[in-house]
Amino acid sequence: MDYTLRELMAIIAAREINNGDIVFCGTGISMVAAMAAKHMNAPESIIFFETGAIDSALEEIPMAVADPRVMYCAASNGGLLESFATMQNRITGERVIGILGAAQIDKFGNLNSTSIGDYIRPKTRFSGSGGACDVASFVPRCVIFMQHEKRKFPKTVDYLTSPGYLDGPGAREREGLMPGGPTAVVTNLALMRFDETTKEMYLANYYPGITPRKILDNMEFTVDISKATEAAPPTASELKVLREVVDPQRIIL
Amino acid sequence: MDVHADKVMTLAEAIRTYVKDGSHISIGGFTINRNPMAAVYETIRQGIKNLHVYAHSNGTGVDELIGGGCVGAIEIAYGGNGRAAPTCIRFKQAIQKGTVVHEDYSNYQMSLRFHAGAMGLPFLPTRSSLGTDIINKWGLSKEIREKDPKLANRKLVVMDNPFDGWADCKKVVLVPAINPDVTVLHVQKADRQGTSRILGLTFADVDQAKAAKNVIVTCEELVDAADLRSEPEYNQIPFIHVSAVVHVPYGAYPSSCYRYYDYDPAQLSDFAKAAKDDGTFKAYLDKFVYGVKDHQGLLDRIGKDRLEKIKADPRTGYATGLDRK
């Protein structure tokens with residue numbers, strides 16, 4: 001079965017979504033993953049956007065979370081205050097899974113999407129938090145898309161934009177954050193998860209044709225690879241959903 | 001207040017009257033949607049400098065204001081603009097070169113800050129950002145804050161829950177209110193007194209308006225008050241908040257305006273390409289901003305065919321099947 005790396009990544013992430021989840025999603029591949037899950041493993045999942053649109057019809061793939069395509073046939077079109085309250089609120093927040101991306105991630109799943117180098121005069125500036133810090137602060141589960149490169153998996157992030165497990169077990173509680181944190185990191189090489197006790201990242205699944213060694217070579221910190229198995233490749237029906245239903249115009253994929 | 005006051009004026013007059021060098025300003029919309037672009041271009045055209053901008057994620061407008069040399073400082077959550085510019089290009093360059101003072105917040109925090117301003121409170125609490133650099137790292141120093149009476153003396157404050165763990169919460173982050181000198185919005189419909197109706201997502205526009213000392217509303221359609229008042233439950237901003245009303249069709253172009261027109265992917269992408277280099281960016285500004293008298297002049301340069309392509313489909317509210325590659 002032929003498939004592209006981006007298709008594999010979208011499907012690996014889509015499999016993380018459970019039926020009934022409320023999916024907070026951003027743009028690009030995270031939107032593709034959320035839309036795919038609705039047609040695969042989680043038909044009762046609900047996609048919502050920080051801009052305030054809930055359960056949009058998404059006849060066409062949006063290019064930004066404020067794209068008018070998220071407004072069409074939504075259950076409601078609110079605003080930013082409503083959308084973030086949906087996640088901060090424990091009644092609905094407990095059901096939310098966030099999908100995020102970042103420029104850097106450390107072994108505790110802390111994310112940097114702000115800058116590299118000095119904060120005031122950075123070497124490289126990125127977009128900044130947007131709603132990412134809010135999502136990471138509020139919701140019990142997060143999937144993070146990353147590119148596996150040494151500089152993107154540093155020992156310490158240059159700027160901690162969105163909280164993962166901070167400096168380890170008990171840290172979120174100590175700082176006053178809600179329980180929760182990142183649960184999966186989907187990269188171009190592997191699926192990483194976090195140990196329940198140590199809160200440290202480990203290698204869960206390597207993609208077909210990728211060795212655990214290669215994954216470690218693309219990280220500044222070391223992770224446990226003893227539990228790793230090969231990831232199940234996309235099935236014909238998963239690929240059909242991606243190509244014919246989710247992104248037939250090939251805008252993202 | 002004269003409830004019948006006619007606030008309609010030209011865009012040039014509205015900007016000249018309410019947007020001054022050094023004004024603290026916020027603009028409406030979100031990334032590629034309903035940014036008040038005609039007003040942004042007019043601000044650049046008038047050469048207004050040293051604005052202090054409050055932004056959650058107003059990508060299209062903020063990047064042009066920075067590129068146009070209008071911005072001295074920015075408090076911001078997100079400087080990105082969809083696929084054309086995952087990080088806004090002039091914003092990125094300005095921060096890397098140190099030409100704009102910047103300070104980072106989250107989108108919820110910026111929304112709450114406008115909400116606090118609209119409510120007349122000094123701050124509001126949230127549980128977002130505990131343990132992060134959004135709390136630890138300031139862009140506006142103590143010295144800058146002390147010199148400017150419009151700025152709170154601290155960025156964010158972490159506080160123990162004074163209700164002793166009530167709502168299963170130990171700590172909260174207090175975010176300071178924002179009261180801009182002026183907020184500029186683009187809406188679908190307004191009347192001559194300023195009562196406004198937004199279709200689709202409102203983002204944080206309503207609080208941005210209610211928190212501001214002055215509000216400029218640009219609108220797709222200038223309608224009779226009776227039209228809006230026949231269904232008042234669909235109006236978000238009553239006229240009491242509004243200082244100026246300007247009728248500007250396609251006033252959000254090249255960002256979208258739900259149920260009227262889509263974003264123009266070609267223009268957003270041309271802007272992003274031009275923005276990468278000072279020379280090409282100057283040529284872009286000369287062509288689309290300085291080289292035209294007003295927004296109609298810019299639209300004439302874009303041409304009727306391009307505008308026809310982005311016209312909203314009445315069923316979906318956007319341009320169904322638009323080529324967005």
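Two residues are in contact if their C-beta atoms, placed from the backbone, lie within 7 Å. The model is predicted: local features need pLDDT of at least 70, side-chain atom pairs count only at pLDDT 80 or more, and totals for chains, interfaces and linings use all residues. Residues are numbered from 1 along each chain as its sequence is written, while chains are lettered from A and ligands numbered from 1 in the order in which they are written.

**Domains of chain B**

Chain B is assigned domain 1 (11-121 + 177-309) and domain 2 (122-176). These bounds come from an automatic or database domain assignment. Taken over C-alpha atoms, the centres of domain 1 and domain 2 of chain B are 27 Å apart. Across the boundary, 16 residues of domain 1 of chain B are in contact with 14 residues of domain 2 of chain B. On the domain 1 side, β4 (101-104) and α5 (107-119) of chain B each give two or more residues. Helices (H or I, at least four residues) and strands (E, at least two) are DSSP runs, numbered from the N terminus. The largest share of that side, 6 residues, comes from α5(B). By class, the domain 1 side has 8 nonpolar, 5 polar and 3 charged residues. Here Ala, Val, Leu, Ile, Met, Phe, Trp, Tyr, Cys and Pro count as nonpolar, Asp, Glu, Lys and Arg as charged, and the others, Gly among them, as polar.

**A three-stranded sheet**

Chain B has an open sheet of 3 strands in the order β5-β7-β6, with antiparallel pairing. The edges are β5 (123-126) and β6 (157-160) of chain B; each has a single partner strand, so one side of each is left without a neighbour in the sheet. Direction ignored, neighbouring strands of this sheet are turned by 35 degrees against each other on average. Two strands pair if DSSP finds at least two bridges between them. In this sheet, 4 bridges join β5(B) to β7 (residues 171-176) of chain B, and the two run antiparallel. P125(B) stands opposite L174(B) in β7(B). Helix α5(B) lies across β5 and β7 of chain B and runs at about 145 degrees to β5(B). Axes are lines fitted to C-alpha atoms, for helices over the stretch in contact, and angles run from 0 to 180 degrees between N-to-C directions.

**Helix pairs of chain B**

| Helix pair | Axes come within | Crossing angle, roughly |
|---|---|---|
| α1 (residues 11-18) and α2 (residues 37-45) of chain B | 10 Å | 65 degrees |
| α3 (residues 59-67) and α4 (residues 89-97) of chain B | 7 Å | 50 degrees |
| α10 (residues 265-275) and α11 (residues 278-290) of chain B | 7 Å | 135 degrees |

α1(B) passes α2(B) in a right-handed crossing. A crossing is left-handed if the near helix is turned anticlockwise from the far one by less than a right angle, and right-handed if clockwise. L11(B), A12(B) and I15(B) of α1(B) make the contact with A38(B), A39(B), E42(B) and T43(B) of α2(B). That contact has 5 nonpolar, 1 polar and 1 charged residues.

The axes of α3(B) and α4(B) cross at roughly 50 degrees. The two helices are therefore oblique to each other. Angles under 35 degrees count as roughly parallel, over 145 as roughly antiparallel, 65 to 115 as roughly perpendicular and the rest as oblique. α3(B) passes α4(B) in a left-handed crossing. V62(B), D63(B), I66(B) and G67(B) of α3(B) meet I89(B), R90(B), F91(B) and A94(B) of α4(B). These residues divide into 5 nonpolar, 1 polar and 2 charged.

For α10(B) and α11(B), the crossing is roughly 135 degrees. That makes α10(B) oblique to α11(B). F271(B), A274(B) and A275(B) in α10(B) meet T280(B), F281(B), A283(B) and Y284(B) in α11(B). This contact has 6 nonpolar, 1 polar and no charged residues.

**Between the chains**

Chain A gives 48 residues to the contact and chain B gives 51 residues. On the side of chain A that touches chain B, α3 (80-88), α5 (132-138) and α6 (171-175) of chain A each supply at least two residues. The residues of that side divide into 24 nonpolar, 16 polar and 8 charged.

**Backbone details**

The peptide bond from Y253(B) to P254(B) is cis, with omega near 10 degrees. P254(B) lies in the loop between β11 (244-247) and α10 of chain B. In chain A, phi of K199(A) is near 65 degrees, a positive value in a residue other than glycine. K199(A) sits in the loop between β12 (190-194) and β13 (201-206) of chain A.
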